[in-house]
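Subject: A structure for you to look at

Hi there,

Here is the structure I promised to pass on. Please open it alongside this email, and I will walk you through what turned up.

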Amino acid sequence: MVAKPGPLESEMPKAELEALELAASLERRYGHLEAEAIIEVAVERFREAGGIATVSSFGADSAALLHMVARLDSSLPVLFLDTGQHFGETLDYRDQLADDLGLTNLRIVHPRREALAMRDPDGVLHKSDTDLCCEIRKVEPMARAVEPYAAWFTGRKRYQSDTRTGMPVFEAVGPRIRINPLARWTTADQAAYMRTHDLRQNPLVAFGYLSIGCFPCTEPVKPGEDERSGRWAGTAKTECGIHLPGLESITSAA
(Lines give C-alpha, C1' and ligand atoms only; values in the text may rest on other atoms or scores of the structure.)
Protein backbone atom coordinates (compact mmCIF):
# COMPACT_ATOMS: atom_id res chain seq x y z
CA MET A 1 0.00 0.00 0.00
CA VAL A 2 1.35 3.43 -0.96
CA ALA A 3 1.32 5.90 1.91
CA LYS A 4 -0.75 9.00 1.36
CA PRO A 5 1.13 12.30 1.59
CA GLY A 6 0.78 14.19 4.85
CA PRO A 7 -1.02 17.55 5.04
CA LEU A 8 2.17 19.57 4.60
CA GLU A 9 3.42 17.44 1.72
CA SER A 10 0.07 17.65 -0.07
CA GLU A 11 0.43 21.43 -0.19
CA MET A 12 3.93 21.33 -1.69
CA PRO A 13 4.58 22.26 -5.31
CA LYS A 14 4.89 19.15 -7.46
CA ALA A 15 8.63 19.65 -8.12
CA GLU A 16 9.41 19.86 -4.40
CA LEU A 17 7.37 16.78 -3.59
CA GLU A 18 9.13 14.87 -6.37
CA ALA A 19 12.50 16.00 -4.98
CA LEU A 20 11.56 14.68 -1.53
CA GLU A 21 10.58 11.34 -2.99
CA LEU A 22 13.73 11.15 -5.11
CA ALA A 23 16.01 12.03 -2.18
CA ALA A 24 14.38 9.34 -0.03
CA SER A 25 14.75 6.79 -2.81
CA LEU A 26 18.41 7.64 -3.41
CA GLU A 27 19.09 7.52 0.33
CA ARG A 28 17.61 4.04 0.59
CA ARG A 29 19.51 2.72 -2.43
CA TYR A 30 22.86 4.46 -2.13
CA GLY A 31 23.17 6.22 1.22
CA HIS A 32 25.18 3.33 2.66
CA LEU A 33 27.87 3.39 -0.05
CA GLU A 34 31.40 4.69 0.36
CA ALA A 35 31.94 8.34 -0.54
CA GLU A 36 33.59 7.71 -3.91
CA ALA A 37 30.76 5.41 -4.98
CA ILE A 38 28.13 7.96 -3.90
CA ILE A 39 29.82 10.62 -6.01
CA GLU A 40 29.98 8.31 -9.03
CA VAL A 41 26.32 7.33 -8.73
CA ALA A 42 25.23 10.94 -8.33
CA VAL A 43 27.25 12.25 -11.26
CA GLU A 44 25.86 9.48 -13.48
CA ARG A 45 22.31 10.19 -12.27
CA PHE A 46 22.34 13.98 -12.60
CA ARG A 47 24.96 14.89 -15.21
CA GLU A 48 22.42 14.74 -18.05
CA ALA A 49 19.35 15.18 -15.87
CA GLY A 50 19.57 18.82 -14.87
CA GLY A 51 23.27 19.00 -14.12
CA ILE A 52 25.34 18.59 -10.98
CA ALA A 53 28.05 20.68 -9.30
CA THR A 54 30.02 20.71 -6.08
CA VAL A 55 30.11 23.53 -3.56
CA SER A 56 33.39 24.21 -1.80
CA SER A 57 34.60 26.77 0.71
CA PHE A 58 38.22 25.68 0.17
CA GLY A 59 38.38 25.59 3.94
CA ALA A 60 39.96 23.31 6.50
CA ASP A 61 38.77 19.98 5.09
CA SER A 62 37.73 20.74 1.51
CA ALA A 63 40.53 18.89 -0.27
CA ALA A 64 39.19 15.35 0.19
CA LEU A 65 35.85 15.88 -1.56
CA LEU A 66 37.46 17.93 -4.32
CA HIS A 67 40.07 15.24 -4.87
CA MET A 68 37.36 12.59 -5.27
CA VAL A 69 35.41 14.78 -7.67
CA ALA A 70 38.50 15.63 -9.72
CA ARG A 71 39.46 11.97 -10.09
CA LEU A 72 36.03 11.23 -11.53
CA ASP A 73 35.52 14.40 -13.60
CA SER A 74 37.85 17.39 -13.27
CA SER A 75 35.47 19.48 -15.41
CA LEU A 76 32.58 19.23 -12.94
CA PRO A 77 31.55 22.76 -11.88
CA VAL A 78 33.05 23.79 -8.52
CA LEU A 79 31.13 26.67 -6.95
CA PHE A 80 33.00 29.02 -4.60
CA LEU A 81 31.36 31.91 -2.77
CA ASP A 82 33.69 34.89 -2.64
CA THR A 83 32.05 36.82 0.16
CA GLY A 84 34.54 39.68 -0.05
CA GLN A 85 35.64 38.89 3.50
CA HIS A 86 37.67 35.70 3.11
CA PHE A 87 41.12 35.27 4.57
CA GLY A 88 43.80 35.94 1.98
CA GLU A 89 45.17 32.48 2.78
CA THR A 90 41.88 30.90 1.72
CA LEU A 91 41.89 32.65 -1.65
CA ASP A 92 45.48 31.59 -2.28
CA TYR A 93 44.67 28.06 -1.19
CA ARG A 94 41.68 27.94 -3.54
CA ASP A 95 43.87 28.68 -6.53
CA GLN A 96 46.69 26.38 -5.45
CA LEU A 97 44.43 23.42 -4.70
CA ALA A 98 42.48 23.86 -7.93
CA ASP A 99 45.79 23.74 -9.78
CA ASP A 100 46.97 20.70 -7.80
CA LEU A 101 43.82 18.76 -8.65
CA GLY A 102 43.46 19.97 -12.22
CA LEU A 103 40.02 21.47 -11.62
CA THR A 104 39.03 23.17 -14.86
CA ASN A 105 35.62 24.60 -14.04
CA LEU A 106 35.94 26.77 -10.94
CA ARG A 107 33.03 29.18 -10.80
CA ILE A 108 33.30 32.12 -8.40
CA VAL A 109 30.08 33.71 -7.19
CA HIS A 110 29.90 37.13 -5.54
CA PRO A 111 27.29 38.97 -3.46
CA ARG A 112 25.13 41.42 -5.38
CA ARG A 113 26.82 44.80 -5.50
CA GLU A 114 23.56 46.66 -4.97
CA ALA A 115 22.80 44.65 -1.83
CA LEU A 116 26.22 45.41 -0.37
CA ALA A 117 25.92 49.10 -1.28
CA MET A 118 22.53 49.34 0.39
CA ARG A 119 22.99 47.19 3.50
CA ASP A 120 26.73 46.91 4.11
CA PRO A 121 28.57 49.76 2.41
CA ASP A 122 31.33 49.86 5.04
CA GLY A 123 31.76 46.10 5.36
CA VAL A 124 30.93 46.06 9.08
CA LEU A 125 27.40 44.63 9.04
CA HIS A 126 28.69 41.51 10.80
CA LYS A 127 29.15 43.58 13.96
CA SER A 128 25.45 44.41 14.25
CA ASP A 129 23.58 41.69 12.35
CA THR A 130 25.45 38.49 11.53
CA ASP A 131 22.36 36.82 10.08
CA LEU A 132 21.74 39.62 7.59
CA CYS A 133 25.43 39.74 6.71
CA CYS A 134 25.38 36.01 5.91
CA GLU A 135 22.12 36.43 4.00
CA ILE A 136 23.69 39.02 1.71
CA ARG A 137 27.16 37.57 1.37
CA LYS A 138 26.41 33.82 1.42
CA VAL A 139 22.81 32.64 1.32
CA GLU A 140 21.51 34.68 -1.61
CA PRO A 141 24.68 34.14 -3.70
CA MET A 142 24.54 30.40 -2.96
CA ALA A 143 20.92 30.25 -4.11
CA ARG A 144 21.97 31.85 -7.39
CA ALA A 145 24.96 29.54 -7.70
CA VAL A 146 23.01 26.28 -7.39
CA GLU A 147 19.91 27.45 -9.27
CA PRO A 148 21.09 26.08 -12.65
CA TYR A 149 21.69 22.58 -11.28
CA ALA A 150 19.46 19.69 -10.28
CA ALA A 151 21.90 18.59 -7.57
CA TRP A 152 25.10 19.54 -5.80
CA PHE A 153 27.68 18.05 -3.45
CA THR A 154 28.78 19.42 -0.10
CA GLY A 155 31.55 18.25 2.24
CA ARG A 156 29.45 18.35 5.42
CA LYS A 157 29.86 15.63 8.03
CA ARG A 158 27.57 14.51 10.85
CA TYR A 159 30.16 14.81 13.60
CA GLN A 160 30.81 18.50 12.94
CA SER A 161 27.94 19.88 15.00
CA ASP A 162 24.67 19.01 16.72
CA THR A 163 22.73 20.49 13.80
CA ARG A 164 24.30 17.94 11.43
CA THR A 165 24.00 14.78 13.52
CA GLY A 166 21.02 13.35 11.66
CA MET A 167 21.99 14.63 8.22
CA PRO A 168 21.22 12.21 5.37
CA VAL A 169 23.49 11.64 2.39
CA PHE A 170 20.74 12.67 -0.04
CA GLU A 171 18.34 15.44 0.91
CA ALA A 172 15.83 17.62 -0.90
CA VAL A 173 16.24 21.39 -0.97
CA GLY A 174 13.16 22.76 -2.65
CA PRO A 175 13.07 21.11 -6.10
CA ARG A 176 16.77 20.15 -5.97
CA ILE A 177 18.91 17.46 -4.36
CA ARG A 178 21.81 18.18 -2.01
CA ILE A 179 24.31 15.35 -1.59
CA ASN A 180 26.64 14.87 1.36
CA PRO A 181 28.99 12.01 0.35
CA LEU A 182 31.17 12.43 3.47
CA ALA A 183 28.28 12.50 5.94
CA ARG A 184 29.48 9.41 7.84
CA TRP A 185 33.16 10.39 7.91
CA THR A 186 35.04 10.96 11.15
CA THR A 187 38.03 13.18 11.80
CA ALA A 188 40.19 10.07 11.47
CA ASP A 189 38.72 9.32 8.03
CA GLN A 190 39.46 12.87 6.92
CA ALA A 191 43.03 12.81 8.21
CA ALA A 192 43.75 9.40 6.70
CA TYR A 193 42.49 10.44 3.28
CA MET A 194 44.57 13.62 3.35
CA ARG A 195 47.71 11.63 4.25
CA THR A 196 47.11 8.85 1.76
CA HIS A 197 46.73 11.25 -1.14
CA ASP A 198 49.22 13.85 0.12
CA LEU A 199 46.70 16.66 -0.27
CA ARG A 200 47.48 20.31 0.31
CA GLN A 201 45.90 21.71 3.47
CA ASN A 202 44.59 25.20 4.06
CA PRO A 203 47.52 26.90 5.88
CA LEU A 204 45.19 28.37 8.50
CA VAL A 205 44.64 24.89 9.97
CA ALA A 206 48.17 25.01 11.39
CA PHE A 207 47.11 28.04 13.43
CA GLY A 208 44.07 26.34 14.96
CA TYR A 209 41.43 27.34 12.44
CA LEU A 210 39.58 24.04 12.07
CA SER A 211 36.51 25.50 10.37
CA ILE A 212 37.18 28.50 8.18
CA GLY A 213 34.72 31.15 7.09
CA CYS A 214 34.97 34.91 6.74
CA PHE A 215 37.83 36.46 8.70
CA PRO A 216 35.74 38.82 10.90
CA CYS A 217 33.69 35.91 12.29
CA THR A 218 36.25 33.10 12.50
CA GLU A 219 38.61 32.33 15.38
CA PRO A 220 41.02 29.49 16.18
CA VAL A 221 39.37 26.60 17.98
CA LYS A 222 40.17 26.30 21.67
CA PRO A 223 41.50 22.95 22.97
CA GLY A 224 38.72 20.47 23.69
CA GLU A 225 36.04 22.29 21.72
CA ASP A 226 34.36 21.05 18.54
CA GLU A 227 35.85 22.14 15.25
CA ARG A 228 33.07 24.62 14.42
CA SER A 229 33.31 26.44 17.76
CA GLY A 230 35.51 29.09 16.18
CA ARG A 231 32.70 30.22 13.90
CA TRP A 232 30.72 33.16 15.28
CA ALA A 233 32.37 32.54 18.65
CA GLY A 234 30.51 34.03 21.59
CA THR A 235 27.14 33.95 19.80
CA ALA A 236 24.36 31.38 19.45
CA LYS A 237 24.86 31.27 15.69
CA THR A 238 26.16 27.94 14.35
CA GLU A 239 25.35 28.04 10.62
CA CYS A 240 25.60 30.76 8.00
CA GLY A 241 22.37 29.59 6.38
CA ILE A 242 23.50 28.09 3.08
CA HIS A 243 22.81 24.59 4.45
CA LEU A 244 19.56 25.46 6.25
CA PRO A 245 15.96 25.28 5.00
CA GLY A 246 15.94 29.03 4.27
CA LEU A 247 17.82 28.34 1.05
CA GLU A 248 14.84 26.31 -0.11
CA SER A 249 12.56 29.31 -0.39
CA ILE A 250 15.19 31.35 -2.18
CA THR A 251 16.01 28.63 -4.72
CA SER A 252 12.33 27.99 -5.29
CA ALA A 253 11.86 31.68 -6.13
CA ALA A 254 14.99 31.92 -8.28
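Predicted model: local features only at pLDDT ≥ 70, side-chain atom pairs only at ≥ 80, totals over all residues.

A contact here means heavy atoms within 4.5 Å.

Residues are numbered from 1 along each chain as its sequence is written, and side-chain values use heavy atoms, with hydrogens and water left out.

Back to Gln85, which sits in the loop between β2 (78-81) and α5 (88-101). Helices (H or I, at least four residues) and strands (E, at least two) are DSSP runs, numbered from the N terminus. Gln85 has 7% relative accessibility and so counts as buried; the term covers anything under 20% relative accessible area, with exposed over 50% and partly exposed in between (1.4 Å probe, protein chains only). A polar atom of the Gln85 side chain also lies 3.0 Å from the backbone oxygen of Gly123.

For the overall picture, the protein has 9 helices and 6 strands. It has 254 residues, and 50% of them count as buried. Among contacts with a separation of 6 or more, 72% are between residues 24 or more positions apart.

Now to the charged pairs. Side chains of opposite charge can pair when their charged atoms come close. Counting a salt bridge as a side-chain nitrogen of Lys or Arg within 4 Å of a carboxyl oxygen of Asp or Glu, the structure holds 11 of them.

- Glu18 pairs with Lys14, with the closest N and O atoms 3.9 Å apart. Both belong to helix α2 (residues 14-30) and are 4 residues apart, about one turn of the helix. Glu18 is partly exposed at 42% relative accessibility, while Lys14 is exposed at 62%.
- Glu140 and Arg144 form a salt bridge of 2.8 Å, N to O. They are separated by about one helical turn, because they lie 4 residues apart in helix α7 (residues 130-146). Glu140 is buried at 19%, and Arg144 is partly exposed at 28%. Together with Arg112, these two residues are linked in a network of salt bridges.
- Arg156 forms a salt bridge with Glu171, the closest N and O atoms being 2.2 Å apart. This pair links distant parts of the chain, with Arg156 in the loop between β4 (151-153) and β5 (170-173) and Glu171 in strand β5, 15 residues apart.

Is Arg156 buried or exposed? Arg156 is buried, with a relative accessible area of 7%, and Glu171 is buried too. The Arg156 side chain also makes a polar contact with the side chain of Asn180 (3.1 Å). A polar contact is a pair of N or O atoms within 3.5 Å; within protein, one must be able to donate a hydrogen and the other to accept it, and residues adjacent in sequence count only if both atoms are side-chain atoms.

That is the tour; enjoy exploring!

Best wishes
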